[in-house]
Amino acid sequence: MFKENTTMMMDSNPPLFDQYEFLLQSTAHLQPFNNGNLPTNSVMEECQLPLIDLKGLKSSDEKERVACRREIFEASEEWGFFQVINHGIHTELLNRMNKEQIKLFGVPFEKKFTSGILDNSYRWGTPTATHPNQFSWSEAFHIPLTKVSEAACYGDFIYLREVMEEVASAMSKVARKLAGVLVESMGQRKELLEDICDESTCFLRLNHYPICPFSGEVSGLVPHTDSDFLTILHQDSGGGLQVMKGSQWLAVKPNPQALVVNIGDLLQAWSNDTYKSAKHRVVANPMRERYSIAYFLCPSYHSQIGSCREPSPYRHFTFAEYRKQVRDDVEKTGYKIGLSNFRL
Ligand SMILES: O=C(O)CCC(=O)C(=O)O
Ligand SMILES: [Fe+2]
């Protein structure tokens with residue numbers, strides 16, 4: 001196990017350059033193809049996502065409660081993405097998390113890779129990429145919620161454990177509250193959500209996007225939709241997150257008071273496509289690194305993902321089936337196909 005007092009070292013970043021170069025060389029004979037995924041350096045309008053004040057949900061005035069629920073519904077229907085303020089998570093906690101995250105990613109690469117820290121959940125680059133435009137210039141830890149409290153996962157990062165526990169619990173509350181509103185808005189009982197959501201499959205993802213010298217050609221995180229019910233994201237102030245609306249990429253303007261919320265594939269399926277699981281990506285940055293933390297609200301593996309109203313546009317499937325299909329597709333093609341594989 002490693003020591004927390006390791007100073008920030010030049011070799012903390014993974015060898016993204018080598019992996020990317022290798023991909024470039026091994027695909028040099030192929031026709032270049034642009035499937036619309038390539039990032040762009042061109043100046044893009046920053047969009048203000050719908051900004052929802054969650055204090056409305058607690059209002060003693062029923063009209064205000066209804067109006068807030070409607071805003072959540074409409075943003076999920078129109079955008080699949082929104083920001084929330086007065087979400088109940090202290091800025092001070094998020095700042096502490098950010099500091100611990102910087103320390104964690106500052107550990108030498110070899111240690112992150114081999115020490116087994118955070119349940120062996122360290123990932124970097126894109127090992128499944130078969131083409132440079134499938135490559136993500138980033139590193140991450142994906143920690144199942146069931147492991148967040150386990151002292152053995154942290155080595156000497158004792159303080160990180162404390163902060164992660166607090167963040168996981170706070171983000172979980174926000175995620176469940178919002179998903180509950182959305183489930184009720186599609187005419188379902190919110191207890192159904194409580195029954196099928198399970199700590200063993202929910203997870204936290206800590207993302208780090210190192211400075212990238214190829215920022216015009218490669219993404220920080222390739223375009224994707226999330227394979228969950230709903231995601232809560234805290235990003236730093238540097239920007240870089242982009243959302244697909246219609247057929248256009250829009251840059252999300254960071255708001256230091258707000259958390260970003262996005263609908264995942266499973267709520268899109270359950271709502272018969274009323275809610276949108278919108279594609280999003282992170283552009284790479286040649287000047288500054290970026291950190292974010294995401295909480296993914298997921299059902300237990302055996303849960304059936306059905307439909308709020310028959311006929312459903314999708315065949316019913318379990319979360320385990322969905323995960324397996326996504327993994328198989330990525331391994332075979334380099335891409336996630338996602339919900340369209342399940343469309344009837
Ligand atoms: O870092 C971000 O802003 C986005 C992260 C994300 O989309 C993910 O982890 O699924
Ligand atoms: Fe995502």
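Two strands are said to pair if DSSP finds at least two bridges between them. In this predicted model, strand β3 (residues 81–85) and strand β11 (residues 259–263) run antiparallel and are joined by four bridges.

**Figure 1. The sheet of eight strands.**
This view shows an open sheet whose strands follow the order β2-β3-β11-β8-β13-β6-β5-β4, with mixed pairing. Its edge strands are β2 (51–53) and β4, each of which pairs on one side only. Direction ignored, neighbouring strands of this sheet are turned by 25 degrees against each other on average. Strands of a sheet pair through backbone hydrogen bonds, either parallel or antiparallel.

**Figure 2. Strands β4, β5 and β6.**
Strand β4 (residues 122–124) pairs with strand β5 (residues 139–144) in the antiparallel sense over three bridges. Here the bridge partner of Tyr122 is Phe141 in β5. Strand β5 also pairs with strand β6 (residues 203–209), again in the antiparallel sense, over six bridges. In this second pair, Glu139 is placed opposite His208 of β6.

Helix α2 (residues 62–78) lies across β2, β3 and β11, and runs at about 155 degrees to β2. Helix α3 (residues 91–105) lies across β5, β6, β8 and β13; the angle at which α3 runs to β13 is about 110 degrees.

Which residues of helix α1 (residues 16–26) are buried? They are Leu16, Tyr20 and Leu23. Seen down the axis of α1, these buried residues fall within an arc of 60 degrees, and therefore they line one face of the helix. An α-helix has 3.6 residues a turn, so residues three or four places apart point the same way. The face of α1 turned away from the buried side carries the exposed residues Asp18, Phe22, Gln25 and Ser26. Strand β4 is included in what covers the buried residues of α1.

**Figure 3. The sheet of five strands.**
A further open sheet is formed by five strands in the order β1-β10-β9-β12-β7, and its pairing is mixed. Strands β1 (46–47) and β7 (219–224) stand at the edges with a single partner strand each, so one side of each has no neighbour in the sheet. Strand β1 pairs with strand β10 (residues 248–252) in the parallel sense over two bridges, and Glu46 has Ala251 of β10 as its bridge partner.

Strands β9 and β10 pair in the antiparallel sense over four bridges. Lys245 has Gln248 of β10 as its bridge partner. The hairpin has two residues between the strands, and Gly246 in this hairpin takes a positive phi near 65 degrees. Strand β9 (residues 241–245) is also joined to β12 by three bridges, and β9 and β12 run antiparallel. In β12, Val282 is the bridge partner of Leu241.

**Figure 4. The surroundings of ligand 1.**
The residues around ligand 1 are Arg205, Asn207, Leu221, Asp226, Leu233, Gln235, Leu241, His280, Val282, Ser292 and Ala294. Which elements give two or more residues to this shell? They are β6, β8 (230–235), β12 (280–283) and β13 (290–297). By kind, the shell around ligand 1 divides into five nonpolar, four polar and two charged residues.

**Figure 5. Val283 in strand β12.**
Val283 lies in strand β12. Is Val283 buried or exposed? A residue is buried if 20 or more other C-beta atoms lie within 10 Å of its own; Val283 has 24 C-beta neighbours inside 10 Å and therefore counts as buried. Val283 and Gly239 are 44 residues apart along the chain, and their C-alpha atoms are separated by 8.9 Å.

**Figure 6. Backbone details in two loops.**
Asn272 is found in the loop between α8 (265–270) and β12, and Asp273 has its place in the loop between α8 and β12. Although it is not a glycine, Asn272 has a positive phi of about 55 degrees. Asp273, also not a glycine, has a positive phi of about 75 degrees. Asn272 counts as partly exposed because it has 16 C-beta neighbours inside 10 Å, and Asp273 counts as partly exposed with 16 such neighbours. Elsewhere, the peptide bond from Glu310 to Pro311 is cis, with omega near 5 degrees. Pro311 is placed in the loop between β14 (304–305) and β15 (317–318).

Note on methods
Residues numbered from 1 in each chain as written. Chains lettered and ligands numbered in written order. Predicted model: local features only at pLDDT ≥ 70, side-chain atom pairs only at ≥ 80, totals over all residues. Near = placed C-beta within 6 Å. Nonpolar A, V, L, I, M, F, W, Y, C, P; charged D, E, K, R; others polar. Buried ≥ 20, exposed ≤ 12 C-beta atoms within 10 Å, placed from the backbone. Arc of directions from axis to C-beta. Contact = placed C-beta atoms within 7 Å. Axes fitted to C-alpha atoms, helices over the stretch in contact; angles between N-to-C directions.
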